[in-house]
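Look at the structure below and keep the sequence beside it.

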Amino acid sequence: MNLDFNEAEDILRNMARDFMEKEFPKKLVRELEDDPTGYSPEVWAKMAELGWMGLLIPEKYGGIEGSFMQLVVLLEEMGRACFVGPYFSTTLCTMAILDAGTEEQKSRFLPQIAEGKLKMAFAFTEPQARFEASGIALKATPEGNDFVLDGIKLFVQDARAADDFLCVGRTSSAQDPREGISLFVVDARSPGITLTPLITMAYDHQCEILFQGVRVPGGNLVGGRDEGWPIVERLLAKAAVAKCAEMNGGAEWVVGASVAYAKERIQYGKPIGSYQAIQHYLADMWTDVGLAKRMTYYAAWKIDQGLPFDMEASIAKAWVTEVYKHVSRMGIQIHGALGTTRDHDMGLYFQRARQGAVLFGDPDFHREKVARFMGL
Amino acid sequence: MDFNLTPAQEALKREFEEFFSELEKSAPPNHTAKIDYCYEHEDAWAFHREVGRKLGRKGWLSLPWPKEYGGKGLGQIEQLIFQEIRAYHRIPGFDPGPVVAAAGVLERGTEEQKKKWLPLIASGETTWCEGWSEPNSGSDLASITATTGYEDGNDWVINGQKVWTTGAHRCSHMILLARTDPKAPKHQGITYFLTPIKDMPGIEVRPILRMYRGHSFNEVFFDNFRIPKENIIGEVHKGWYVLMAGMDFERTGVAFVAETRRDFDELIEFVRENGFDGRSPAEAAVVRHRLAQCLIELETWRQWAYYVAWLQSKGEHVPGESSAVKRFGSELMVKVSQVGLETLGLYGPLKEGSKWARLQGRFEYACQHDLGMTIAGGTTEVQKNIIAWMELGLPRK
């Protein structure tokens, strides 16, 4: 047993923290909130140089062949910095291509992703707003060697920054909603695509994507036709763990900032951190975030080992979400009125906690999954 | 990171698993790892003693002690595995002796004391209670003044009163803290004694019943009770530091994780088997989700316990992490026992032994018994203070 990070992970964490502090100040976070594409090309290029776009990509496709645990480390730092950009989205799509793509597809997409030239968005959810197969209605009709896509994708993050979408559609309808689902890489500039930006509380650059007779070459089908659901399921579970890492990073920032503030803010002649009520809030916050991190690391380790991890992913997402929501709320309580303002950073974390909660399954969704794992 | 055990640890785990699952087969039906229950029931006490001696013969009460004092020289992780498997199989046989008393002796005892006490503790022939709390000294343990000692020849003479002394009516020995220098600052006038108490003159044990009628707590009165000087561990008046030195011994509480998990697993089995005369108690999503939330927190607690053991195995002093595991785990035990009681509906409150009692009334017992978990060994509030002061560096004044 060794529950410490290894040297490579420590180096990555230090590098990422320095990078974010230098290149990604909160000023940039706020500027990008209203930016149409939602990313900084300069920062993106520097991240690509560091190899982060190819973190999970094998060396033969130009990546650095890192582990999921390394991704966890990087995402923690991104969560801490409130990083804005299509990194999470592109990484998700990368995982799907790695998991189910053909050799030709891997050679076509992965080197470009690793170089930072190809940004992708995961077009999965629809107006039914669920993370289950029954929520997929977008039609993908075969026509010659192509497929024609008609329907709506909703809540798609980073769609306007993306060059390609990884789109989940229905190629046939069956009794079981898990059958008949297929994945496609769709060129974002294809005719018939209409993007409508959606403004969210975390300004995380979501879009509605309207597909009207969008032609996709058959060579862009990822995985077997009608057999896409297991790929999506694996991807969603990994996405949940990855999102946990990002949220843990944010939650940890909140605890650190709140402890620091409690030591310097004087009321009734003493730092507010000397009052037991505040001390106990902070002790609970620190404990809960510590537990959240360990559960996330356990799930990440299982992913790296190739062990079943679905249950751990759901346990982590349910717990981490509740922790981040609570911690970010209490962080504002400790900061008083200051914490509720646009000027203070605490609000950015509060917003991300609530946005992250509903992505890749909210706590109720994951509790239900855990209940099913338990045989209930 | 690597969550795998080493091949040697895996082999040890299999050995524990075989032994404890076999032992479980011959155990009395109400057997439990909850030591208070053993103090409360004759048959459970008899089983506790029988197991304690068996563990002593196998050398399993002293796994992490150095070999020269009868230990196996193993680490915190091995001890963790032992405690987890033992408790999951509801096997008792382990009291504060091998952890608390032994830690004091190992950390601060003389060579002579180590040779005297450690084999005795390791043998499983002695049983140990903690003479710590007093009527006016609970969380503020260092303030004890009700139990005092003065020197008389080769002995110290103890007078006064202890309270909440768990198992004093059963145990052969006590780890006793007494005020020996009333003039010194509170942490500097306490002495740490190890003493036999069974059938000794000058000591009287009176029961305090718990709300569920169990007798695990006691008041203990000392009237010119004599302890030879050689039974003082560490220096006279410096007993507080002996106590603190032992605090890094085993603080994960993994046995509590495992015993709670076992009860919970049986509850889930009962629910899955539609235990209400063919009806499931978990038809409603709200019940299923409450149970799922318990599992989420139990798994998370377990991960944290392993993490604390890992840090301790590296020799790190981790007051924040170990306070966190105690606070989180004890609060969770209260929560899970309450959820268990509620999930069982009308069956929930039926006591062990009643016709129609389900799961041996374990949740009826646990939801009352486990209230003590968030109080004993440092209340939830004290744990939070420790985290705030020692981990987060918040000002004490």
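B:Trp164 sits in the loop between strand E3 (155–163) and strand E4 (173–179) of chain B. Helices and strands here are DSSP runs: helices are H or I with at least four residues, strands are E with at least two, and both are numbered from the N terminus. This is a predicted model, in which local features need pLDDT of at least 70, side-chain atom pairs count only at pLDDT 80 or more, and totals for chains, interfaces and linings use all residues. Residues are numbered from 1 along each chain as its sequence is written, while chains are lettered from A and ligands numbered from 1 in the order in which they are written.

Is B:Trp164 buried or exposed? B:Trp164 counts as buried because it has 21 C-beta neighbours inside 10 Å. The rule is simple: a residue is buried if 20 or more other C-beta atoms lie within 10 Å of its own, exposed if 12 or fewer, and partly exposed in between, with C-beta atoms placed from the backbone. The backbone of B:Trp164 deserves a look too. Most residues other than glycine have a negative phi. B:Trp164 is not a glycine, yet its phi is positive, about 60°.

Now find B:Trp356. Its phi is also positive, about 75°, and again the residue is not a glycine. B:Trp356 belongs to the loop between helix H10 (319–343) and helix H11 (362–369) of chain B.

B:Leu344 is found in the loop between H10 and H11 of chain B. B:Leu344 counts as buried, because it has 24 C-beta neighbours inside 10 Å. What does B:Leu344 touch, leaving out residues up to four places away in sequence? Its partners are B:Pro281, B:Arg358 and B:Phe363. Two residues are in contact if their C-beta atoms, placed from the backbone, lie within 7 Å. B:Ala282 is 62 residues from B:Leu344 along the chain, and their C-alpha atoms are separated by 9.5 Å.

Turn to the strands of chain A. Strand E3 (residues 146–157) of chain A pairs with strand E7 (residues 206–217) of chain A, antiparallel, over nine bridges. Two strands pair if DSSP finds at least two bridges between them. One of these links joins A:Ile152 to its bridge partner in E7(A), A:Leu210. Strand E6 (residues 193–198) of chain A also runs antiparallel to E7(A), and six bridges join them. Here A:Thr196 has A:Glu208 in E7(A) as its bridge partner.

Step back to the whole of chain A. It has eleven helices and ten strands. Its radius of gyration is 21 Å, close to the 21 Å that the globule rule gives for 376 residues, so chain A is as compact as a globular protein of that length. The radius is taken over C-alpha atoms, and the globule rule is 2.2 Å times the number of residues to the power 0.38. The C-alpha trace of chain A spans about 80 × 50 × 40 Å along its principal axes. Of its 376 residues, 54% are buried. Take the contacts in chain A between residues at least 6 apart in sequence: 74% of them join residues at least 24 apart.

Chain B has twelve helices and eight strands. Its radius of gyration is 21 Å, which agrees with a value near 21 Å for a compact globule of 397 residues. Its C-alpha trace spans about 70 × 50 × 45 Å along the principal axes. Of the 397 residues of chain B, 53% count as buried.

Where do the chains meet? In all, 35 residues of chain B are in contact with 37 residues of chain A. On the chain B side, helix H8 (254–272), helix H9 (285–313), H10 and H12 each supply at least two residues. H9(B) gives the most, with 13 residues. The residues on this side of chain B divide into 21 nonpolar, six polar and eight charged. Ala, Val, Leu, Ile, Met, Phe, Trp, Tyr, Cys and Pro count as nonpolar, Asp, Glu, Lys and Arg as charged, and the others, Gly among them, as polar.
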